[in-house]
Amino acid sequence: MKQEQTDVIVVAAGLSGLAAAISAAENGAKVIAFEKGSTTGGAANMGMGPLGVGSRFQRHHMVSITPGEAFRKHMNFTHWKVDPRLVREIYNRSGETIDWLEDMGVEFLTVTPVYPTPEILRAYATSEPTWHVVKPADGSTQLGPRMAGPMIKAMTMRAQDLGVDIRLNTPVRSLIKENGRIVGVVAEAEDGEKIEARAKGVIIATGGAGDNPAMIKDYTGYEWGKDMFSFRVPGMDGDGLKMAWEVGAVKTDMIMEIMYLVPDNMATPNNFIIDGAFRQPCLWVNSKGERFMNEDAIANTTFAGNAISTQPGKFAFSIFDSALLKKYKKKGPDITSHVHPFDLFDHFEEAVAAALEAGYRHVFAADSIEELAEKLEISPGKLAETVDEYNELCDGGFDDLFEKDHRYLEAISKPRFYACRYFPSAYGTLGGIKINYKAEVLDENHDPIPGLYAAGLDACTIYGDSYPFILPGNSMGFALNSGRIAGENAAGL
Ligand SMILES: Cc1cc2nc3c(=O)[nH]c(=O)nc-3n(C[C@H](O)[C@H](O)[C@H](O)COP(=O)(O)OP(=O)(O)OC[C@H]3O[C@@H](n4cnc5c(N)ncnc54)[C@H](O)[C@@H]3O)c2cc1C
């Protein structure tokens with residue numbers, strides 16, 4: 001086995017791992033980052049940008065939220081069931097972390113979302129302007145997935161400039177513990193050679209267990225492919241969680257970073273159109289044909305994801321008719337998400353026809369409510385009853401069941417009828433390892449395990465039961481700031 005020695009080892013070079021490696025190196029440490037994948041950045045390559053509170057960029061855009069306000073909102077949202085010291089530390093540093101990114105060349109496009117959608121229907125209508133969306137390298141201003149790429153590029157270059165030794169395709173297999181202290185790792189090089197690397201501090205940053213269906217089932221209760229269609233970013237196998245637990249780290253609850261999607265939403269452009277188009281405040285029913293929420297809240301991915309998760313079978317249908325389709329085509333959709341293209345309805349019929357032709361099982365079209373019910377496998381009588389009741393509410397202009405905003409009470413009566421089945425989805429898993437505000441990993445007695453730190457999704461236990469959409473960009477914000485904290489403290493050993 002090859003032997004190596006350094007000051008700080010970072011297990012992974014995803015978002016939190018890069019932040020940890022850069023900050024350890026900035027604090028004078030020699031750093032090796034062992035990365036399982038063939039690129040840096042992990043899941044963050046797919047995202048848009050991080051949270052920051054009190055950044056220069058916000059001040060330039062006249063955004064005045066302070067870390068103290070964010071802290072109070074966050075703690076109230078989570079009912080004070082999470083570690084306030086860690087939460088406070090994350091928000092205190094988060095603005096300066098955005099400045100730190102800018103100083104290494106990252107540019108931001110916006111922090112104040114402007115959507116062509118009435119306020120009540122916006123995805124983050126009740127959120128604060130904390131989401132620093134990264135400016136694409138090509139100068140485009142179209143919001144969408146994968147915008148955060150230039151941030152990963154700049155961070156990787158910064159790490160390399162500081163002399164961080166990034167080893168791609170080199171997974172860490174286990175931690176070395178001697179006399180109660182973590183003193184290194186065993187990694188495996190691309191050619192299969194084992195490396196025993198020793199250091200004063202080891203930082204786990206492996207991004208959770210989003211690509212491990214068995215762990216998702218055991219720890220979150222969802223069954224991937226049945227009632228959970230989360231992003232499975234390759235490499236998120238829960239390695240860091242298992243390694244930490246093996247050396248005595250206390251296990252915390254794990255949750256999914258919940259939202260909702262159609263299965264295989266990015267597999268084809270048609271699926272992506274369908275996924276975006278049906279997120280309207282039309283009629284939503286569960287598998288029993290019953291309404292289950294005020295549909296004007298459907299753009300809130302946390303609330304809607306939670307609501308769908310609590311329905312029988314954990315799925316739900318969005319339904320509209322050709323009158324609503326005509327309106328969406330003419331005036332634009334009621335909800336335009338920040339991720340899907342603005343011109344979804346220009347391609348709607350082609351997308352539905354192509355998906356049906358290809359045998360996609362989650363979109364439906366029918367000439368009557370009875371035919372639709374049969375396709376959705378809902379009792380035709382029950383669906384007809386729900387539609388009749390709903391249409392009566394629309395006629396009366398008031399939803400006495402859920403108080404849906406009257407502007408979106410529009411009858412479902414004109415064939416053709418369209419429907420789409422949504423399931424709970426998630427960006428990945430959250431939590432598993434407990435850390436304190438210094439990012440030290442805690443044992444069963446909540447005492448630090450000397451020499452061991454964790455950051456990012458592996459250690460993200462600050463949300464309670466649901467992702468806090470009120471302060472968006474939160475999981476990248478947590479990854480960056482917990483990574484920086486871990487890097488600084490490990491370098492100081
Ligand atoms: C589609 C999508 C969009 C998103 N958009 C946003 C957004 O706009 N804003 C936001 O705040 N969040 C967003 N997120 C979430 C965000 O990407 C994560 O919060 C962030 O990447 C977490 O950082 P991390 O370091 O914990 O994990 P990652 O960045 O995923 O990094 C984990 C790394 O660990 C490596 N690894 C795993 N096991 C090992 C091992 N044994 N040895 C060595 N390396 C290992 C992996 O290869 C990977 O590189 C999005 C996620 C997805 C999937």
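User: How many aromatic pairs does the count come to?

Analyst: This is a predicted model, in which local features need pLDDT of at least 70 and side-chain atom pairs count only at pLDDT 80 or more, while totals for chains, interfaces and linings use all residues. Residues are numbered from 1 along each chain as its sequence is written, and side-chain values use heavy atoms, with hydrogens and water left out. Rings of Phe, Tyr and Trp (its six-membered ring) pair if their centres lie within 6.5 Å, and planes under 30 degrees apart count as stacked, over 60 as edge-to-face and the rest as tilted. By this rule the count of aromatic pairs comes to 24.

User: Is F229 buried or exposed?

Analyst: Buried means under 20% relative accessible area and exposed over 50%, with partly exposed in between (1.4 Å probe, protein chains only). W224 has a relative accessible area of 29% and is partly exposed. F229, at 13% relative accessibility, counts as buried.

User: Over which ring does the charged end of K251 sit?

Analyst: A charge sits over a ring if NZ of Lys or CZ of Arg is within 6 Å of the ring centre and within 35 degrees of the ring normal. The charged end of K251 is 4.6 Å from the centre of the ring it sits over, which is that of W245.

User: How many salt bridges does the count come to?

Analyst: A salt bridge is a side-chain nitrogen of Lys or Arg within 4 Å of a carboxyl oxygen of Asp or Glu. One of these joins R158 to E26, with the closest N and O atoms 2.8 Å apart. By this rule the salt bridges come to 30.

User: How many residues apart in sequence are the parts that R158 and E26 tie together?

Analyst: Helices (H or I, at least four residues) and strands (E, at least two) are DSSP runs, numbered from the N terminus. The salt bridge of R158 with E26 has its closest N and O atoms 2.8 Å apart. Because R158 lies in helix α5 (residues 149–161) and E26 in helix α1 (residues 15–26), the pair ties together parts whose separation in sequence is 132 residues.
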